Amino acid sequence: MGRQVAIVSAGFSEHASKRSDVNMAELVSEAVSDCLKNAPGVDFNDIDAYVNGNMPAFEGVNLPELWMTDWMGARNKPLLRVTTGGTTGGTVAISGYYTVAAGLPKIDTVLAVAFEQQSQGDTSVGLGSVAYGEISVLNTMGIPYDQLSRLLSAGAAIGVAAYQATNYMSKTHITEEDLARVVVQNRHNAAKTWWSHLKMPDITVEEVLDTPYISYPLRYGMVCPASDGACAMLFTIEEKAKDMCDIPVYVNGVASVANESAVLGYDGSGTGQIDPSEQLGAMKSSELAYYQAGISFPRKEIDYAEVYSPFPNQELMWVEKLGLFEETTAPKMYETGVTSLKGELPINCSGGVNSTNAIGASAMERPAEAALQIMGKADNQVPKTVHTSIGHGWGGSLNLCTLMVMSDEPQRKWRR
Amino acid sequence: MSKLTQRKSLDYVKKDYVRTRTMPGNWYLASYQYKFNITHNNEFLKKLKDKKIVGNQCSGCNRVFFPPRLVCGKCLVKPDQWVDLRETGRVATFAIVYLKDPETGEVQEKPTVLIHQDGADTAIIAQLNPEVDFKDTYIGMPVKIHWAEDRTGGLMDIEYYDVLEDDAEDMNPKK
Ligand SMILES: [Zn+2]
């Protein structure tokens with residue numbers, strides 16, 4: 001068993017659709033500065049190693065971590081880049097955890113940085129570079145290239161989310177109003193978070209339902225924006241954490257589990273699941289991470305959750321699949337306010353991915369925000385005391401889930 | 001560790017200029033040679049030409065793959081049994097995409113569906129009969145293959161799926 005790892009700080013850059021005042025390296029340095037500002041006892045000399053990541057090819061730079069080495073203070077220090085598509089941020093955070101937990105000599109404090117500046121590049125090229133290898137097999141089965149583009153339009157994240165939405169809606173018999181309610185809660189929360197992108201303090205359910213469809217049953221008003229932004233998290237060992245901050249947040253469980261490919265399957269052979277809202281990956285990753293953290297009743301033991309939901313139906317789906325609510329009951333919880341800021345189990349009080357989506361950074365902003373809620377330093381702080389929280393990520397080939405379980409108490413069960 | 005020394009500031013980042021200079025650039029992406037093993041597909045594609053559909057079955061978990069798979073990801077064995085499948089299936093899930101015609105600028109509503117073929121354990125992306133009103137699509141809707149006129153031995157031989165009545169005779173497995 002590795003060393004107990006603690007989060008001592010987390011920081012964000014300002015998010016917007018176009019951060020034209022900075023370039024990628026400067027954007028990252030903003031998040032790093034903010035992260036160190038939250039931990040006044042730490043300076044660059046205390047950081048022993050770095051983990052960095054973003055979506056490959058989105059900005060047209062393939063080794064960005066080498067470009068921004070100086071901008072994160074990583075010169076002459078071990079540096080690692082990890083990228084797993086939509087879950088990049090989650091994987092970078094988990095890699096930061098691994099690096100500290102491994103117990104290598106002279107490596108105690110690790111800074112994990114994830115970022116994305118989508119306005120700078122062409123996301124369709126980035127997505128194409130991810131998808132073409134997989135879908136070009138359909139050529140060998142007699143589907144010409146012009147038809148492939150149709151499949152691509154259905155296979156991108158919005159298409160998959162729409163599939164999940166239709167299945168989820170038919171299972172739970174909810175209407176679009178229930179989806180809009182989730183969006184409204186997120187937008188209101190985002191308005192109270194300094195770094196978030198879509199701040200809409202006055203939006204109503206009717207206004208969301210008044211926007212045109214982007215892909216039935218999802219409307220423009222329900223969909224996440226494309227943001228520029230970065231996020232940084234500082235991991236260290238238990239012994240040092242107490243000197244670096246007031247309330248260290250202990251990482252008690254991490255998991256990243258992939259399920260069978262979602263839409264085309266590998267080699268174009270169809271999906272492993274008939275129901276796209278089944279999400280075995282989320283169930284397996286939560287099972288594993290909760291076991292590591294010694295959580296047997298997630299609904300009771302988890303006080304706060306940040307889930308990765310670019311689309312409102314996914315938020316409803318994830319909170320059920322991660323064991324926070326019983327199957328099909330999530331829409332009711334949003335209606336009755338259980339998930340609101342002052343509720344029993346607040347969810348996505350930062351506004352979530354639904355309000356801010358800098359793809360590479362999004363999955364890291366979830367555990368980062370969940371950790372800040374335990375420290376009591378979050379911008380939109382929940383009034384109740386948060387002891388245990390989770391940060392979830394989704395992406396990869398639309399089937400990978402990352403999960404980080406954090407608590408104000410270290411988990412001693414597995415340690416001698 | 002709690003010393004507040006040598007704190008290097010990054011505040012100069014935004015002070016120096018309000019806006020970065022933007023330099024346009026292009027990626028001239030190379031052509032790639034993707035390699036695929038298609039031995040498991042040959043039999044399947046040949047039969048499509050004769051209006052027959054088959055899937056392959058894993059002897060470990062009995063799952064039937066349509067279209068066929070090279071390896072069962074669950075058991076890590078090669079599915080070696082060929083199973084005949086019926087022409088019918090059900091809509092596993094659907095979404096409606098709004099495609100803009102590049103010439104006229106007209107927005108077309110089009111359902112895209114995943115079809116769960118009867119007798120198979122996987123779902124495949126497919127098209128519905130263009131005459132179907134998308135508002136009538138629902139999950140579990142019975143459908144049947146509409147074969148293309150000129151079949152070449154490819155997945156495009158399944159031109160689209162026709163919608164069946166709930167109590168259609170085709171859906172009766174004994175037939
Ligand atoms: Zn098998």
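1. Which strands of chain A does helix α12 (residues 280–293) lie across? Helix α12 of chain A lies across β8 (249–258), β10 (388–395) and β11 (400–407) of chain A. The helix runs at about 150° to β8(A). Axes here are lines fitted to C-alpha atoms, for helices over the stretch in contact, and angles run from 0 to 180 degrees between N-to-C directions. Helices (H or I, at least four residues) and strands (E, at least two) are DSSP runs, numbered from the N terminus.

2. A note on the basis of these points. This is a predicted model, in which local features need pLDDT of at least 70 and side-chain atom pairs count only at pLDDT 80 or more, while totals for chains, interfaces and linings use all residues. Residues are numbered from 1 along each chain as its sequence is written, chains are lettered from A and ligands numbered from 1 in the order in which they are written, and side-chain values use heavy atoms, with hydrogens and water left out.

3. The sheet of chain A. Nine strands form an open sheet in the order β3-β2-β4-β7-β1-β8-β11-β10-β9 in chain A, and the pairing is mixed. Two strands pair if DSSP finds at least two bridges between them. At the edges stand β3 (79–81) and β9 (304–306) of chain A, each of which pairs on one side only. On average, neighbouring strands of this sheet are turned by 25° against each other, direction ignored. Within the chain A set, β4 (residues 110–117) and β7 (residues 228–237) run antiparallel and are joined by eight bridges. A:Val110 has A:Phe235 in β7(A) as its bridge partner.

4. Helices α4 and α17 of chain A. Two packed helices are described by the angle between their axes and the distance between the axes. The axes of α4 (residues 88–101) and α17 (residues 359–375) of chain A come within 5 Å and cross at roughly 55°. α4(A) and α17(A) are therefore oblique to each other (angles under 35 degrees count as roughly parallel, over 145 as roughly antiparallel, 65 to 115 as roughly perpendicular and the rest as oblique). On the α4(A) side, A:Thr88, A:Gly89, A:Gly90, A:Val92 and A:Ala93 meet A:Gly360, A:Ala363, A:Met364 and A:Pro367 of α17(A); contact means heavy atoms within 4.5 Å. This contact has five nonpolar, four polar and no charged residues. Ala, Val, Leu, Ile, Met, Phe, Trp, Tyr, Cys and Pro count as nonpolar, Asp, Glu, Lys and Arg as charged, and the others, Gly among them, as polar.

5. Helices α9 and α14 of chain A. Helix α9 (residues 176–191) packs against helix α14 (residues 312–321) at an angle of about 90°, with the axes 8 Å apart. That makes α9(A) roughly perpendicular to α14(A). From α9(A), the contact uses A:Leu179, A:Val182, A:Val183 and A:Asn186, and from α14(A) A:Pro312, A:Asn313, A:Glu315 and A:Leu316. By class, five of these residues are nonpolar, two polar and one charged.

6. The three-stranded sheet of chain B. Its order is β2-β1-β3, it is open, and the pairing is antiparallel. The edge strands are β2 (64–65) and β3 (81–85) of chain B. Strand β1 (residues 53–57) of chain B is joined to β3(B) by five bridges, and B:Gln57 stands opposite B:Gln81.

7. Further strands of chain B. β4 (residues 88–100) and β5 (residues 107–117) of chain B run antiparallel over eleven bridges. They form a hairpin with six residues between them, and B:Gly105 in the turn has a positive phi of about 75°. B:Arg90 has B:His116 as its bridge partner in β5(B) and B:Pro142 as its bridge partner in β7(B). Between β4(B) and β7 (residues 142–147) of chain B there are three bridges.

8. Points of backbone geometry. The peptide bond from A:Tyr216 to A:Pro217 is cis, with omega near 5°, and A:Pro217 sits in the loop between β5 (213–216) and β6 (218–219) of chain A. In chain B, the bond from B:Phe66 to B:Pro67 is also cis, with omega near 0°. A:His173, a residue other than glycine, has a positive phi near 55°; A:His173 is in the loop between α8 (157–172) and α9 of chain A.
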